[in-house]
Amino acid sequence: MSDDAIEPTEGVEQTPEASDAVESPTAVAEPPAGAFVAGDLVLLIDHKKRQYLITLETGGEFHTHSGILMHDLLIGRAEASEFETTRGQRFQAFRPTLEDYILTMPRGAQVIYPKDIAPMMMLADVGPGMQVLETGLGSGALSMALLRAGAEIHGYELREDFASRAKKNVAAFLGEEALERYHVNIGDAYEGVDVVDMDRVILDIPEPWNVVPHARGALRSGGILVAYTPSITQVLELRQALETAGFSAIETIEVLHRGWYFKDRAARPDHRMVAHTAFLTKARLLSV
Ligand SMILES: C[S@@+](CC[C@H](N)C(=O)[O-])C[C@H]1O[C@@H](n2cnc3c(N)ncnc32)[C@H](O)[C@@H]1O
């Protein structure tokens with residue numbers, strides 16, 4: 001077999017002659033530990049580094065311009081392996097990270113990207129068992145990070161279709177049991193919220209200053225509010241509302257994320273970058 005020849009066909013068991021196995025010829029090899037199973041989310045990466053998210057189904061097919069990838073090839077095989085379509089296109093297959101999932105998952109509303117979710121989690125200092133008021137929920141990207149950190153979310157979302165998409169995304173990545181900590185209310189958070197003693201309030205809505213008076217009633221003393229706002233004029237209005245409502249330690253940051261390009265001896269920053277997404281504002285509620 002040449003160096004670049006493809007490994008024996010995926011899913012085909014070795015014959016007894018080709019292995020040292022002592023089991024009967026009809027014995028089926030045990031799947032490797034952590035092997036893919038039906039129902040798993042799988043991230044496929046092609047030779048151009050394009051990414052695709054699939055859910056494995058027995059008998060399922062992933063159609064590409066370069067042939068069909070049979071799901072059955074992956075089921076029972078180890079993660080981080082390579083698989084071929086019917087026309088020889090190769091894909092690497094991994095279980096998606098939360099970042100992979102957020103970038104490829106189905107969306108209703110625009111999501112907060114991992115570049116901002118990561119610092120928001122640190123600014124809000126979210127940990128297991130914390131009670132979090134989150135609005136709006138959008139596609140559930142931020143909710144997933146909060147839930148995976150162990151928080152219990154009391155969410156407010158104006159649109160039922162977005163709330164439904166958020167719940168589906170949460171269940172698909174974290175499992176149905178995560179929904180037990182995801183209490184979703186359909187409603188206008190500007191009108192008020194029906195929660196108290198929250199440890200954290202996280203806002204991603206167009207006019208967060210309208211929720212600040214309600215956040216004051218919902219948060220415990222010392223609780224943290226974090227808001228994501230694309231425009232600096234939103235920041236100014238929000239900070240004013242926070243000061244008026246008795247919040248302290250107010251800080252606003254933005255995070256720039258610049259990738260680098262590597263090829264042979266060339267190593268330089270990418271020509272393009274996501275220069276701006278939003279400003280992140282954090283505040284703590286003084287004792288009331
Ligand atoms: C940009 S999206 C949130 C995205 C979400 N953070 C994520 O990471 O997927 C903003 C959401 O706020 C919701 N929204 C806007 N105004 C609202 C309000 N007054 N009360 C509750 N939700 C609201 C919108 O319907 C939308 O789903």
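**Notes on the ligand shell, cores and domains**

1. Starting with the ligand: the residues of its shell split into 12 nonpolar, 6 polar and 4 charged. Bear in mind that this is a predicted model. In total, 22 residues surround the ligand, and the closest are Gly136, Gly138, Ala141, Leu158 and Ala189. Helix H4 (141-148) and strand E8 (152-157) each put at least two residues into that shell.

2. On to the packing. The largest nonpolar core counts 55 residues, and Val132, Leu146, Val201, Leu225 and Val226 have the most contacts inside it.

3. Val132 deserves a look of its own. Leaving out residues up to four places away in sequence, Val132 touches Val126, Leu146, Ala151, Glu152, Ile153, His154, Met198, Asp199, Arg200 and Ile202.

4. As for domains, the protein chain divides into domain 1 (16-94) and domain 2 (100-285). Their C-alpha centres are 36 Å apart. The contact draws on 4 residues from domain 1 and 6 residues from domain 2. On the domain 1 side, strand E1 (41-45) and strand E2 (51-55) each supply at least two of the residues that touch domain 2. That side comprises 3 nonpolar residues, 1 polar and no charged.

5. Last, a hairpin: E3 and E4 are joined through 2 residues. Strands E3 (residues 61-64) and E4 (residues 67-70) run antiparallel, with 4 bridges between them. Glu61 has Met70 of E4 as its bridge partner.

Key: Residues are numbered from 1 along each chain as its sequence is written. This is a predicted model: local features need pLDDT of at least 70, side-chain atom pairs count only at pLDDT 80 or more; totals for chains, interfaces and linings use all residues. Two strands pair if DSSP finds at least two bridges between them. A nonpolar core is a set of buried Ala, Val, Leu, Ile, Met, Phe, Trp, Tyr and Cys residues joined through C-beta atoms within 7 Å. A residue is buried if 20 or more other C-beta atoms lie within 10 Å of its own, exposed if 12 or fewer, and partly exposed in between; C-beta atoms are placed from the backbone. Two residues are in contact if their C-beta atoms, placed from the backbone, lie within 7 Å. A residue is near a molecule or strand if its C-beta atom, placed from the backbone, lies within 6 Å of it. Ala, Val, Leu, Ile, Met, Phe, Trp, Tyr, Cys and Pro count as nonpolar, Asp, Glu, Lys and Arg as charged, and the others, Gly among them, as polar. Domain bounds come from an automatic or database domain assignment.
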